[in-house]
Amino acid sequence: MVLPQVTQRSFSEKLDALARNYWWCWQPEVVSIFRDLDPVRWRQFDHNPILLLGSFTHEQLEARGREAVLHSRVNYAFRRWQEYMTSKHTWGDTHTGLLGNNPVAYFSAEFGIHESLPNYSGGLGVLAGDHLKSASDLGVPLVAVGLFYQEGYFSQQIDETGWQREIYPYVQNTRLAITAAKTPAGERVIVSVETRNGPIYAQVWQVDVGRIKLYLLDCNVEQNTPEDRKLTARLYGGDQRIRIRQELVLGIGGTRALTAMGYDPCVIHMNEGHSAFAPLEFIRMRMVNDGQSFDDAMLKTVWHCCFTTHTPVPAGHDRFDWGLFEEHLGPIADQLGIGPGGLIGLGRVDPNNTNETFCMTVLAFKCSRTANAVSNLHGVVSRRMWTGLWPWRSEEEIPIGHITNGVHVSSWLAPQMKTLYDRVLPLDWHLRSGEPEVWAGFENVTPGELWETHQSLKNRMIMFARLRMLRRAERLGLSDAEKTEISSLLDPEALTIGFARRFAPYKRADLVLRDIDTLTKIVCDSKHPVQFVFAGKSHPADDNGKAILQSIFKLTQQPAFKGKIMLLEDYDINLARHLVQGVDVWLNNPRRPLEASGTSGQKVVLNGGLNCSILDGWWAEAYDGQNGFTIGNGRSHVNQDIQDDRDAKSLTRVLLDEVIPLFFDRNDEDGLPEEWIARMKRSVRTLGWRFNADRMVMDYVQNAYIPAAGGVSCDMGRRP
């Protein structure tokens, strides 16, 4: 293949081009190039290559490239990127022909692409980011739409008492790899959405994620009122009025942005209910452009819509009262010809119940051809939760299926582990990671090599954790003696258990604390040392979650637990990457069945760690008795306190009777835990192919996108 302008570009121009497409962030060799330019600045700028390159003059960059012998590496990386971007030999080229030139439009309120683009809060956003990366790798024609949050979610600081404080740093556009989106005529894209109190305007930014274009709407434009200029400043911030206005911009504004840029999507995929207004704009356009009635336009739009629900808790679904609904949806309801009174019924389980609030999830269900939960168990929970939408059907006939979440392998697999994969798996394994036979060769990894690789990652994680603690110590002005003490925290030889996720009460980060005496026995055993590493954020309005976080912090300050239980602040993608790559065991103990899927444990699998989890979410369909550990028996008590006590006892029992003895069983002549390593191998071999994002996206293509692109009528469970 002859690639255009490869040799004509300068060293610095190639680096700049690589930095402006987030493809680099899942290419270890490209990440290493940026790091080797200046390791100190790379850390200082939080792994942001735009800031890194901007700190050099052209001459300095050229000189540094020669000094570090980077020119050939950059040339190779640049050529690989161009080959990737222009290749037609992809899975999508073979399997997505029906989508033609009209891509899937993927709507989500957040996208976690990389820590340098703080446009995510947690699992939903990271899942959306992984979806885009795998769609790019597979060559699936897809375009994504979200909102641009100039202050992100928040940076977490834990004060001297252990209470969470939220910091909202302002992110300059020039500090990010984003560009102004343009119309086909080359004009800046600015859209507006009408409300009863005047229009809301938004400009559109483009983010390149490999082959995928992500468009983010930003309300910080001069046409808006001062209030609306701040509308998209923060993710999940503010009251219900801000929420409905954000979702109006995402769904209706996002659809108008796609139209302005010349897109005509053949499929609309709503990732969670936040984007449920999008179908309304597609219906309106059909009525205007094709002269269709509302009923006909809705029916034909629904044929092309897919919806993924992520929330198994009734309180987690956005609901709005009549006043907020009429103020914001009144104009489009009038344009649809059904008025607010007719439109609000689409967001009610019972359209005629005037006491029922408008629910975004209900609207998404009613406007979708197919709907899916994100794990098998979540599908069961969702069908039970939404039986009222289909009262004429039995529960098992409710038209909500499931596509279990997966994680993007190249984003979460440690480079050291990738070296092992490359040695024992087929040459093209990374292109076929969703196929089970590809992973069979992992059994051929020698136990010593796997264990040494894992130990090196564990040591790396411990060093990173100490640096995080030192950074907090410097911020709080702790003494030199206290800083010195941090440098010896965590033992590389100890069984290291990680727990990192949102500090929502139902996730029960404090479950292991219910029996302090047993916990003391576990962590203070000098022959079989055990240590815990915690991390996670609580929602700014969730004082119960903050109290759980504080209780763990206070435990870390007690003499018996100091250095053996660690709480790391400001959980983000970078911290998550180190933890999932370095822990021995990943602990997950939510109240069943409230974990829709969970993906952090899937990232641990890829790196050889073992899961110890409640049989909830993805683990309920993953655990086979020999690829990890389970807490409880999968049954739930109606009394929450009794269930918590039961699960806490089961957790300590599995740690004492299974996890710890197996980890420290070193009868092998080389001092290796043979049976533990056997479980590591089985975990990777049996779970790696099933719970990765390539398999997930292929499932969406085959089970949702292709049927929706065909536009064949589907009743989605409508009353006959």
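How many disulfides does the structure hold? The structure holds zero disulfides, a disulfide being a pair of cysteine sulfur atoms within 2.5 Å.

This is a predicted model, in which local features need pLDDT of at least 70 and side-chain atom pairs count only at pLDDT 80 or more, while totals for chains, interfaces and linings use all residues. Residues are numbered from 1 along each chain as its sequence is written, and side-chain values use heavy atoms, with hydrogens and water left out.

**View 1. Cys 367 and its closest cysteine sulfur, in Cys 305.** The two sulfurs lie 6.8 Å apart, too far for a bond. Cys 367 is buried, with a relative accessible area of 1%; buried means under 20% relative accessible area, exposed over 50% and partly exposed in between (1.4 Å probe, protein chains only).

**View 2. The buried residue Cys 219.** The relative accessible area of Cys 219 is 0%. Across the chain, buried residues make up 59% of the 720 residues.

**View 3. Contacts within the chain.** Of the contacts (heavy atoms within 4.5 Å) between residues at least 6 apart in sequence, 74% join residues at least 24 apart.

**View 4. Charged side chains of the chain.** There are 77 positive and 86 negative side chains, and the centres of the two sets lie 1 Å apart. Lys and Arg count as positive and Asp and Glu as negative, without His and the chain ends; each charge is placed at NZ of Lys, CZ of Arg, CG of Asp or CD of Glu.
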